[in-house]
Amino acid sequence: MKTIYTKTISTITFILIFTTSYSQSTLEGVLKNEQDSPIEGVNVVLKGTTTNSTSDVNGKFTIEAKELPFTIIVQYAGFNTKEIKITELPTSPLQIVITTGEEKILSEVVVSSRRRIEKVQDVPIAISVITGKQAEQAGAFNVNRIKELVPSVQLYSSNPRNTGINIRSLGSPFGLTNDGIEPGVGFYVDGVYYARPAATTLDFIDIERIEVLRGPQGSLFGKNTTSGAFNITTRKPSFTSGADFEVSYGNYQYLQAKASITGPLSQKIAGRLSFSGTQRDGLIENIATGKSTNTLNNQGIRGQILFTPTENTNITLAADITTQRPDGYAQVVAGVAPTNRAAYRQFNAIIADLNYQLPSLNAFDRKIDQDTPWRSGQDLGGVSLNVDTKIGIGTLTSTTAWRFWNWDPSNDRDFTGLQVLAKSQNPAKHKQFTQEIRYAGQLSSKLSGVVGVFFIDQTVKIDGTEESGNAQWRFSQSTTNTALWKTPGLFEGYGIHTNAKIHSTSAAVFGQLDWAITDRLHVLPGLRYNYDNKDADYDRKTYGGLQTNDPALIALKKLVYTDQSFVAGADDTDFSGNLTVTYKATDKINAYATYAKSYKPIGVNVAGLPTVSGQPALDLAVIKPEDVNHYELGIKTSPFKNSILNLTLFNTEINDFQTNVQAAELGINRGYLANANKVRVKGAELDASIIINHHFTINGAATYTDGKYVKFTNAPLPLEETGSTVSFKDVSGTDLPGASKWAGSLGGEYTKTAKFFGNTGKFFVAVDGYARSKFSSSPSASKYLIVDGYAIFNTRFGFRTSEGSSVYFWGRNILNKDYYEQLLPAGGNSGHYAGVLGDQRTIGITLKYAL
């Protein structure tokens, strides 16, 4: 627990030493309504820039005033937008009164997804926006929590490497991750693309805004995305000194500390340093060790330097590193499926012969006895340089970044206290370099747009070990010659050492135009040309076990592990694009229709291939690219004062869908990639928010998703059909894994202005819930691997201020619902399967102080 305190104090000390008294001139003001009452939350934007500020509970705001004259734009809720030109700085705070109008607070939220600041209700894209404050108040400190606020998002993680993030049930193959493919959901932080889905398991650091875009986004973002993108913006350095400190404490020894300090370092340079740390004791008891497992232990730090050589140029240098060192991600045996194998090969018969019993037959007793340590260490970080400069009619942006991800795992993939797999470790090191250059602006009175180029170079190196223990013989036994299989030492210490490397490059030219045929009717064509190249080198060598010349014993060893080596590579080019027509029928109704042709690049298998006559099936080494056709209709409305109601209908069809399958061979137990012939996902999404009055706010979202394999004739067998005379199954017409028919969230908050210990702020009480219906947790639907639907509820109450002290209490899963987030079969498909458990009820308190 001392780690977080030590790093927090070090962070604060460092910033205080290097923050100087330099400060640019700033404009100070107070915003009031016609009744002379201050207004909190008014958005103040420096016209022609991305600089903005928000008024506090006293209506006060400050914004950098670099050169005179300049213009500010004042936007808020139920009030007319106001533009004010400042020719000289006032000697006292500028008093601004805004009057009631037809604009709505909820439609005033601004986004930058189209490379310009604009109101989210004007953007012809299905998009959800979560501010940093909303995320903090809801306890959404990573993407796994964000899915409870945006039900179209799904995240499945049996450990950071085996993490898939999907939007509308598309994006990543469901199950174990293969490093040789690209995610279909883009993850961007301040314009920098994060290639590894593991980034989504780490804590957010000092977030200003999270934009979740749904549907293909290939003509707006550097990296092609087939199902959506997370566009995350962090809080930028400010020339006005400020600081935030936050500490949360909860049951299970939960401790989270955050700190962020910003200020001027000279007249043209400002800095920000931010820290986040999270620790928690384990939620699952290991009766073999007497310790709890599935702990949290995350620390992250992010530093930024902003240099403003002129009014029209901003240069930001940023660096970050996040570490995760939990004793965690253990899975609990959730059940046993009878298979089509012989009776002696059924799980219960196997463990009976080994005189073993599971520690519990109820996964929600949260007890394990696994004998191999669970380790999920990862380091993720990098450095980026972003340059924004106004040139002519637009803004030129260059984003250069280098990032790394180091993964150091240990797993017990037999999920028992038996030494079946004594080791299961596949450490990986990933490095990437990206360069994006784009130009965005108003080309004429009727035409605006963005054009860009993007390049990424990635290298992944895997140094893996998988080793058998003294119980391997019984789980692998496939003949009735027990004495031969039981030969002492035959499999003990027998394993494979894997060296694999992937090198991939991708380059693209992309762009999108916005043609205003009339003030209300716009046509937006987009185009993308992409080149992708992937090279894979896979080498697996067996070692250990009984050294023998007996052909019968050697044959048994080869049934468990064999040597395998192959080199594969491919390159590909692709044209893709989209066409959107949007019509603003009234100031309250904005409708759009989109067709997008997208794709996901070629993939390569680097986790072993199935064998044919003892040789790797090299035709499966390279995976064909996905071909995506996407149709979408949307309408964004403000049906009455201070409300929004948005509806989206979508249909996505994918040919050569990249999916993960599980081999029946123990030596291939990490799964491999294959192409399904065709899948289709269609559905509807509803987003609604309403501010009933000054006290009550309600937010809700719902999604209906129908995801099917249209044609998939060579799918793997479901768990219960393991041992059948055929190796594949036609699952055409069945549900896609991970796709719930229904999912939704609903929340409400009551606030009341008050004073607490001399601070003016708001008392608040909030409740929110998230629910989803059942879904398949297997590439081929298995009746044993169906996750039941569930609903969880969270609550919080307390007192918050924009400046000074805030305190609130919170509870997550307050009804203590037992639920699975994922079910997955054990290696070797012996019949038993494990569950990734949702957290039980957690409660705590958060203290925050803002300067």
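User: Which strand does F809 lie in?
Analyst: F809 lies in strand β50, residues 804–812. Strands here are DSSP runs of E with at least two residues, and helices are runs of H or I with at least four, numbered from the N terminus. This is a predicted model, where local features need pLDDT of at least 70, side-chain atom pairs count only at pLDDT 80 or more, and totals for chains, interfaces and linings use all residues. Residues are numbered from 1 along each chain as its sequence is written, and side-chain values use heavy atoms, with hydrogens and water left out.

User: How does F809 count at 39% relative accessibility?
Analyst: F809 counts as partly exposed at that 39%. Buried means under 20% relative accessible area, exposed over 50%, and partly exposed in between, with a 1.4 Å probe and protein chains only.

User: Which strands each supply at least two residues of it?
Analyst: β42 (696–711) and β45 (742–756).

User: What about N813, buried or exposed?
Analyst: N813 is buried, at 4% relative accessibility. N813 sits in the loop between β50 and β51 (820–825), and has a positive phi of about 50° despite not being a glycine.

User: Where does Q253 lie, and what's its phi?
Analyst: Q253 is in the loop between β17 (242–250) and β18 (254–264). Q253 is not a glycine either, yet its phi is positive, about 55°. Q253 is partly exposed, with 37% relative accessible area.

User: Switching topic: what's the strand order in the five-strand open sheet?
Analyst: The order is β10-β15-β16-β13-β14, with mixed pairing. Two strands pair if DSSP finds at least two bridges between them. β10 (126–131) and β14 (192–193) have a single partner strand each, so one side of each has no neighbour in the sheet.

User: How many bridges join β10 to β15?
Analyst: Six, and the two strands run antiparallel. A126 stands opposite R214 in β15.
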